[in-house]
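Come along while I look up a few strands and some aromatic rings.

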Amino acid sequence: MEFTLSMWSVHRTVREHQWTVIDFLSFCHDQGIHQVELLDVFWKDVDKELPEVIGYLNQHNIKAISYAVTNDFVSQELEARQAALDKIRSAFPIAASLGASVIRVFSGNLNGDITYEAAQQWIVEGLSAAAKEAESLGLTLCLENHGQLAGTAKQVQSILEQVHSPALKSTFDTGNFLLVDEEPLQALNELLPFIEHVHLKDFTITEGGRYRSLSGLTYEGRVLGEGVAQIEPILRTLKANGYSQGIVLEYEGLEDERAGIQKCLAAFEQMKRRLEVTT
């Protein structure tokens, strides 16, 4: 289980300081971080930047283990659902060029008067088509638990079982379960057979926090181990069940993101050492 940094962890820094993907990778290199997750939302000009990014990864021995897209299948318009599928498909050659075998995807969220049943049908149809093509290319789509349609463990499991493809697995996001009032460790036990990709983020209940759960609790991002997401027990369970892929930090705290990431890296290494002692 190697520490991996998602570029989302510096999304405020990107906005405030106009960071490019290369700036992010340079920060990772300076911190001794050798695995990353890249996202489609951060390209300014993907055709121009991609060759430079690939060169930097190779030169500095950094591995892109996952690539993320922001798709949404929940629309009454067929054209919009097709656009969501095309967005995933457009990630295939980029991920392959980066050497990333995992593409993180979403379902979409409820809006307007769309029913849960209709939304899930569109999600299953879209992900089925995407997974069929991903499988033929040797790529794996990983559905992140996020929102009201794929937020709980049971919702994620239902979608994965309906699609029933070896090319569609789970991105297990520790913090997002709290936002649907589900204990992350319990969700982990339900989803263990499906997990191919893990996002670590920690939250604590905070008055006026930026993140609101379905029951109305408000949360704020924290350094790993300082919140209520049960990070170390989750890592222990993953290790005990043979999970060996990267562990991706998605930092959501309010402090300077670079300082927060450094603290999270230190906390992760401490947890990892404790796990090695006890196993």
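Before counting, I noted the rule for aromatic pairs: rings of Phe, Tyr and Trp (its six-membered ring) pair if their centres lie within 6.5 Å. I also kept in mind that this is a predicted model.

**Entry 1: aromatic pairs**

How many aromatic pairs does a search of the whole structure find? I got six.

I picked out Trp8 and Phe42, which form a tilted pair, with 6.1 Å centre to centre and 40 degrees between the planes. I then checked where they sit: Trp8 is in the loop between β1 and α1, and Phe42 is in the loop between β2 and α3. The two are 34 residues apart, so this pair links distant parts of the chain.

Phe203 counts as buried because its relative accessibility is 1%. Tyr219 is at 4%, so I marked it as buried too.

I also looked for a cluster here, and found that Phe203, Tyr211 and Tyr219 form one.

**Entry 2: strand β2**

I moved on to β2, which spans residues 35-39. How many of its five residues are buried? I counted five, so the strand is mostly covered by the under 20% cut-off.

Next I sorted the side chains by face. In a regular strand, side chains alternate between the two faces of the sheet. In β2, I put Gln35, Glu37 and Leu39 on one side, with Val36 and Leu38 on the other. Both faces are covered, as these residues are all buried.

**Entry 3: neighbours of β2**

Which strands pair with β2? One is β1 (residues 3-6), which pairs with β2 in the parallel sense over two bridges. I found Ser6 standing opposite Glu37 of β2.

Another is β3 (residues 63-68), joined to β2 by five bridges and running parallel to it. On this side I noted Gln35 opposite Lys63 in β3.

Last, I followed the chain from β2 to β3: the path goes through helix α3 (residues 46-59). I logged this β-α-β crossover as right-handed.

Notes. Residues numbered from 1 in each chain as written. Predicted model: local features only at pLDDT ≥ 70, side-chain atom pairs only at ≥ 80, totals over all residues. Heavy atoms only, no water. Buried < 20%, exposed > 50% of the residue type's maximum accessible area, 1.4 Å probe, protein only. Helix = DSSP H or I, 4+ residues; strand = E, 2+ residues; numbered from the N terminus. Pairing = 2+ DSSP bridges. Right-handed = clockwise from strand over helix to strand, strands pointing away. Phe/Tyr/Trp six-rings, centres within 6.5 Å; stacked < 30°, edge-to-face > 60°.
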